[in-house]
Amino acid sequence: MENYFLKTKNYLIELEHSIVYEDEIDGVMIIENEEMGLKNVFLAVADPILIMEALLLEVKVPTVEMFAELLKKNRDIVHGAFALDESGTKVIFRDTLQIEHLDLNEIEASLNSLSLLLSEYSDELISLSKC
């Protein structure tokens with residue numbers, strides 16, 4: 001059986017992301033890449049998928065308008081999407097990839113999508129966080 005955790009870790013290293021935390025037993029890593037604006041990106045190797053999540057913002061009182069804006073923006077995101085945590089007050093970026101056939105390009109595309117989202121949509125995210 002292939003070690004998907006190690007495979008994923010090696011891809012992240014090749015892409016020059018800093019692994020700031022890892023737990024191979026639980027299959028989790030946290031990465032950062034200052035140049036791309038990525039901080040505390042959580043990855044979980046949970047065969048058959050790789051889960052990527054990053055907390056984008058917290059809102060005190062979610063509104064219908066906020067949800068509508070996030071759903072509209074989801075249409076523009078190339079890989080991944082906005083999602084809410086269980087409380088409904090934390091907006092996260094989330095992407096899932098099939099782990100069995102995972103390659104370097106897929107991880108790179110997902111992380112580039114998050115980086116692009118943060119750079120192009122940051123003002124709107126800041127406005128939403130003030131809700």
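## Where two helices cross

Let's start with a meeting of two helices: helix 1 and helix 3 cross in a right-handed way. Their axes come within 10 Å, at an angle of roughly 60°. Keep in mind as you look around that this is a predicted model.

At this crossing, helix 1 brings Thr8, Tyr11, Leu12 and Glu14, which meet Leu104, Ile107 and Leu111 of helix 3. Sorted by class, the contact holds 5 nonpolar residues, 1 polar and 1 charged.

## A closer look at helix 1

Helix 1 covers residues 4-14, and its buried residues are Tyr4, Phe5, Lys7, Thr8, Lys9, Tyr11 and Leu12. Besides helix 3 (104-129), these buried residues pack against strand 1 (18-23), strand 2 (28-33), strand 3 (38-46) and strand 4 (49-58).

At its start, Asn3 has a side-chain oxygen within 3.2 Å of the backbone nitrogen of Phe5. Just past the other end, Glu16 adopts a positive phi of about 65°.

In soluble globular proteins, nonpolar side chains tend to be buried together. Here, the largest nonpolar core has 34 residues, and those touching the most other members are Val41, Leu50, Phe82, Ile107, Leu111, Leu114 and Leu117. Two or more residues each come from helix 1, strand 2, strand 3, strand 4, helix 2 (64-74), strand 6 (90-98) and helix 3. Helix 3 is the biggest contributor, giving 7 residues.

Setting aside neighbours within four places in sequence, Val41 is in contact with Met29, Ile30, Ile31, Glu53, Ala54, Leu111 and Leu114.

Notes: Residues are numbered from 1 along each chain as its sequence is written. This is a predicted model: local features need pLDDT of at least 70, side-chain atom pairs count only at pLDDT 80 or more; totals for chains, interfaces and linings use all residues. Side-chain values use heavy atoms; hydrogens and water are left out. Buried means under 20% relative accessible area, exposed over 50%, partly exposed in between (1.4 Å probe, protein chains only). Helices (H or I, at least four residues) and strands (E, at least two) are DSSP runs, numbered from the N terminus. Contact means heavy atoms within 4.5 Å. A polar contact is a pair of N or O atoms within 3.5 Å; within protein, one must be able to donate a hydrogen and the other to accept it, and residues adjacent in sequence count only if both atoms are side-chain atoms. Axes are lines fitted to C-alpha atoms, for helices over the stretch in contact, and angles run from 0 to 180 degrees between N-to-C directions. A crossing is left-handed if the near helix is turned anticlockwise from the far one by less than a right angle, and right-handed if clockwise. Ala, Val, Leu, Ile, Met, Phe, Trp, Tyr, Cys and Pro count as nonpolar, Asp, Glu, Lys and Arg as charged, and the others, Gly among them, as polar. A nonpolar core is a set of buried Ala, Val, Leu, Ile, Met, Phe, Trp, Tyr and Cys residues joined through side-chain atoms within 4.5 Å.
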